[in-house]
Amino acid sequence: MKKLVIVKSGCREFGNELLNHMSVYACGLELGARVINHSGFGYTGLWRLAHTLYARMVSVLYSSSVLLAWRAPIYLPPTKNLAEKLSSQKILHLYGWLFRNPAGLEKYRKELLLAFTPAFIQQELADSIHPQKGKTLIGVHIRQKNFTGFESGEFLVSPIRTLRIVEEHIQHNSIDPKNVAMLIVSDLPIAPDIFARYPVYVVQGNTEKNLFLLSRASVIVGTNTTFSNMAAWFGNVPHVVVDNEPLDWEYYKNKVGYFENKYATFAY
């Protein structure tokens, strides 16, 4: 195989696009194939229409080399081998947002960090968290807008409930509360009095900069999203998935680096 072309991902959010692209990129490293991203992520207006027409044209002209991952995860090499009829293709055209490659993300971690960490914002990240230097920095991701397809809000956890989980984490890990600072990322404003007990740095929006800013924390206590999970992966720190039900703290015991969290269901 010579090329892997991401034709259309259908991702609406940065965390999903990042995980999808990285999984394919790791597959390319494993197979010695060049990865080209034509997903159209972020396109709007006429650009989005043009990309839709392009994606349809490719699917018709190269139907024998199309691999779909819309409704269920497709695991790529080295996590799982491709079907023989696909592995013999010189170019593979990928459609969907559910390409996954946990073994590839682990095996090629060094290469992926180099390829996907945006160097141009490194100094800005360092400047943002410098005032909290010397403290235990806890990253908090709070999703407040409903997910598409989950309008009832069953995956959302309130800022107040999230604070309680953060304090449970502090207690279970014997962290001195006086030495804690929090980096909070949310898609909507947070009432300032909720986290008033701690030094906090709050940023808004599920953006590229904020994901990598969050990755500088010692742990990510966050919503069940690929955004939280990718921040944890880049920081090589645990992702404690918040929930409205009591957390399984025994499961998180002695977890010090990134791991495949069974409660991070949106990532896997």
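**Strand pairing and loop geometry in the predicted model**

The structure is a predicted model, in which local features need pLDDT of at least 70 and side-chain atom pairs count only at pLDDT 80 or more, while totals for chains, interfaces and linings use all residues. Residues are numbered from 1 along each chain as its sequence is written, and side-chain values use heavy atoms, with hydrogens and water left out.

The protein contains ten helices and eleven strands; helices (H or I, at least four residues) and strands (E, at least two) are DSSP runs, numbered from the N terminus. Its radius of gyration is 20 Å, close to the 18 Å that the globule rule gives for 268 residues, so the protein is as compact as a globular protein of that length. The radius is taken over C-alpha atoms, and the globule rule is 2.2 Å times the number of residues to the power 0.38. Along the principal axes, the C-alpha atoms fill a box of roughly 60 × 40 × 40 Å.

Of the 268 residues, 49% are buried, where buried means under 20% relative accessible area, exposed over 50%, and partly exposed in between (1.4 Å probe, protein chains only). Among contacts (heavy atoms within 4.5 Å) with a separation of 6 or more, 67% are between residues 24 or more positions apart.

S7 runs parallel to S8 (residues 180-186), to which seven bridges join it; two strands pair if DSSP finds at least two bridges between them. S7 also pairs with strand S10 (residues 219-222), in the parallel sense and over four bridges. In that pairing, Ile 138 has Val 219 of S10 as its bridge partner.

Strand S8 is in turn paired with strand S9 (residues 200-204) over five bridges, in the parallel sense, and Ile 184 has Val 202 in S9 as its bridge partner. Seven of the seven residues of S8 are buried, so this strand is largely enclosed by the rest of the structure. Cover extends to both faces of S8: Val 180, Met 182, Ile 184 and Ser 186 are buried on one side, and Ala 181, Leu 183 and Val 185 on the other.

Helix H9 (226-235) is mostly covered, with nine of its ten residues buried. The buried residues include Phe 227, Met 230, Ala 231, Trp 233 and Phe 234. The C-alpha atom of Ala 231 is separated by 8.3 Å from that of Arg 216, 15 residues apart along the chain. Arg 216 is found in the loop between helix H8 (208-214) and S10, and is partly exposed, with a relative accessible area of 34%.

Asn 236 lies in the loop between H9 and strand S11 (239-241), and counts as partly exposed at 39% relative accessibility. Ser 174, also not a glycine, has a positive phi of about 50°. Its position is in the loop between helix H7 (159-172) and S8, and at 69% relative accessibility Ser 174 counts as exposed. A cis peptide bond, with omega of about 5°, joins Pro 77 and Pro 78. Pro 78 lies in the loop between strand S4 (74-75) and helix H3 (84-87).
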